[in-house]
Each structure stands twice: as structure tokens, then as C-alpha cells.
Amino acid sequence: MSDDFDLAVVGGGIHGCGVAQAGVAAGYRVLLLEQEELAFGTSRRSSKLIHGGLRYLESAQIALVRESLRERELLLKLAPELVQRRDFYLPVYRATSRRPWKIWLGLAAYSALAGFRAHTGFKRLPSRAWRNLDGLRTDGLQQLFCYSDAQTDDAALTRAVMTSARELGAELQCPAEFIGAERSDQGCAVQFRDKRGMQRIQCKVLINAAGPWVNKVLSRVNPAPSRLAMDLVQGTHIVLPGEIARGIYYVEAPADRRAVFVMPWQGKTLVGTTESFYTGDPAQVHPLPKEIDYLRETFRHYFPDRDDTVVDSFAGLRVLPAGDGIAFGRDRETRLHADVASRPRVLTIYGGKLTGYRATAEKVMEAVRPGLGKASPVASTAALPLHPA
């Protein structure tokens, strides 16, 4: 391992691996440090969706949806073994808060933002098709929409991105604990501990992609950079027996009208997610009984004849900007926070979505390039195929 790097990345989730791939593709020397294993945190505990975020249209996050839809189409081409297109079913009942006309308008806007490409349209399913949808409850059903998005194995996608980065020359130290960094006008002296003991390297720019641990990482940098106030929001999923076969169902939780997905997953059915604020150690996050009950109640409401026995459950953490009120309507834009605007030496990624990891990584590279100097690109992340590791 070299002692000198252009980029040192802390965090082996999808965004850290994405930055490693983008950095080495741009011609820079890259080292990624991961304390546990790749995709240890949120990047293996997501809803497994590669999507534009239909519900973000309600809060007018148009740019986020457009970017995510563009990235969805790109990932379908780059990673066909890892990202597959799925039919999504959106039922509207008499008690559904969003009326059919509103959903029609939302789906029309979604299709338009996707560029009216093949497979980006939507349709209403006739009532004769309603009884062939995995036991979906039909009493009170007024309309049923079908549109297209995609699904992935989030951990496998993360590993594939890092494999691509390593094939281009990025280095990976895992497990390796980030101990601290001393920053100066020239860069950062980084200390970490791996199986050989304490190590020290020099980098021009340190990328903090530690997810819910980002502010903990910043607390170990001297002089201390500024940080953003953030909220951690827990999202729980449950796994049920038997596989939903036709596609993914986008339903409205009867308890609070939040969006919940019911989807096929590794021969079983995955239901999620929840949103509750979390203040503990990110490593100790776990599903709460009330969250499990909430998801089971939602599933039973729409699929009354299917088995709702919980065979597994997991919880992950989203990083959202600090604010008042519920998390559901919060802005989901990723925030890049640099220690110095003109020539960053430490840049932190706050938040981020699985679908948009590549676009985020390219924005990171644009932000830190003044502190890196020129290099000769060796590849484009928009053209690098991704295969299961």
C-alpha cells in the first residue's frame, strides 16, 4: 500500500464506494477505509429500490426525482444482473387519501420526468385483472394503476461498485478503523488501525462517507471542521413467508397514510418502511415492536389472506437535515459539506439515496477537484459495467 493518496474515503457504503469508483476513474489515487465490511450499515438495510421517488413529487422535489429517474435508467443498462425493472401496483380505495385524479397527475409527471422512454409509462388495470394480484384486497377498490421502477440487492450493488473501483486501481482497507486526521493547507494526515496495527497515510482530500457516523468522523479531525445538524431516522422492514409474485405494491398505511412497499425478496415478501427518530448508537439500531406491528397491520389490511408471520426484520438509518415535525415530508436532497469552499481538504456527504449514488459521487469529485489538481481520466462511471462481485 502506498503512503500517499489523492483521496482517502471513510465509509464502505454505496456512497463511499461510489466516490472511490468516481475518483479512480478520474485518474486519482484512492484509498477506502471501512471499519466493518462493505455495505455494513444502511447500504444493506434499504428498501432495495432503484427508483425516482414518486412520492417526492408531492413535496416538489422535482430535481431529485428527475436525477433519480435518469440514474435508474443508467443502472438498468450498466448492471442488468443487479438491477431489474419491476411492475409497481398502486391501488386506490374509497378510503385512500390521494384521489385517482391526483395519482394520475403524479404518474403523468413521473413519466414526463423520465423522458417518456420505453417502459416509463403507466396504465390503469381493468377490474377483470384485479383478482390476479397476489391476493390484494378488492373490496372498496376503485382504481388500480401500474407503472415501472426497479429493484436491486443493495449490498450486492455496493460490492459491485467497489469491485469496479478496485479493478481501476483503488485500494481497500477493510476492516480498518479510522482513528483521526490532521488537516492542513496541503491535505490530511490520516491515521487508521487495521490487522497490522496503527497505520498512517497522507491524502490531499478526505471524503467522509460514513453515513450515520459522519459527525463522529468529523469529531476526530483536527482542526475540527464545521458540521451540519442532522436527524437520524430509523426505517424498519419485515420479511414474511411466501413471495409476492406479480410485482411491487405501493400502498397507503391505514394508520397514518404513509407510503409502504410490499415486494418480492429472495423467495419471500419484504414490507417497509417506517420512519421514527433515532438518538442512540447507530451500531445498535434494531426494529421496534411498534414498527413491526405497524407493518404487519398494513400488510394484513391489503393482503388479508396471506401469512403475516415475521420470519426476519431489519432496521437502517437515514440521515436527514435537522428540523421540526415528522420526517416523511422532509427534503431528501443529499448535502455535500466542505471544510473550505475553495480548496476543500475534508468533504462530508450528508444523506444520500441508493439510486443516486453515482450522480452524488460525480458531484463530490467536482467539488474537491480544486484541492486535487489535474489528472488524466481513465474511465467514465456512466459507462462502467457493474457485475456481481
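Two ground rules. Residues are numbered from 1 along each chain as its sequence is written, and side-chain values use heavy atoms, with hydrogens and water left out. The model is predicted, so local features need pLDDT of at least 70, side-chain atom pairs count only at pLDDT 80 or more, and totals for chains, interfaces and linings use all residues.

Start with helix α1, residues 14-25. Helices here are DSSP runs of H or I with at least four residues, strands are runs of E with at least two, and both are numbered from the N terminus. How far apart are the end C-alpha atoms of α1? They are 16 Å apart. The expected span is 1.5 Å times one less than the number of residues. For the twelve residues of α1 that should give 16 Å, which agrees.

Is α1 buried or exposed? Buried means under 20% relative accessible area, exposed means over 50%, and partly exposed is in between, with a 1.4 Å probe and protein chains only. Twelve of the twelve residues of α1 are buried, so the helix is largely enclosed by the rest of the structure. Among them are I14, H15, C17, V19 and Q21. What covers them? The cover includes strands β1 (4-10), β2 (30-33), β10 (197-208) and β19 (346-350). Helices α4 (154-167) and α7 (357-372) are also part of the cover. Contact here means heavy atoms within 4.5 Å. Just after α1, G27 takes a positive phi of about 100 degrees.

Now the strands. β9 covers residues 187-194, and six of its eight residues are buried. β8, residues 177-184, runs antiparallel to β9, with seven bridges joining them. A hairpin with two residues links β8 to β9. On to β10. Seven bridges join β9 to β10, again antiparallel. Here, V190 has I201 in β10 as its bridge partner. Two residues lie between β9 and β10 in their hairpin.

Where are the cis peptide bonds? One joins C174 and P175, with omega about 5 degrees. P175 is in the loop between β7 (171-173) and β8. Another joins N222 and P223, with omega about -10 degrees. P223 sits in the loop between β11 (221-222) and β12 (230-240).

Two residues other than glycine have positive phi. D134 has phi near 60 degrees. It lies in the loop between β5 (122-124) and β6 (141-152). D134 is buried, with a relative accessible area of 14%. R257 has phi of about 70 degrees. Its loop runs between β13 (248-252) and β14 (259-265). R257 is partly exposed, at 33% relative accessible area.

Last, the surface. W101, W104 and L105 make a nonpolar patch of about 360 Å². Like charges are joined within 9 Å, and nonpolar side chains (Val, Leu, Ile, Met, Phe, Trp, Tyr) within 5 Å. Accessible areas come from the Shrake-Rupley method with a 1.4 Å probe; for residues, only the protein chains shown count as cover. W104 lies in helix α3, residues 100-113. W104 is partly exposed, with a relative accessible area of 37%.

Methods:
Patches are made of residues with over 30% relative accessible area and no salt bridge: like charges are joined within 9 Å, nonpolar side chains (Val, Leu, Ile, Met, Phe, Trp, Tyr) within 5 Å. A salt bridge is a side-chain nitrogen of Lys or Arg within 4 Å of a carboxyl oxygen of Asp or Glu. Two strands pair if DSSP finds at least two bridges between them.
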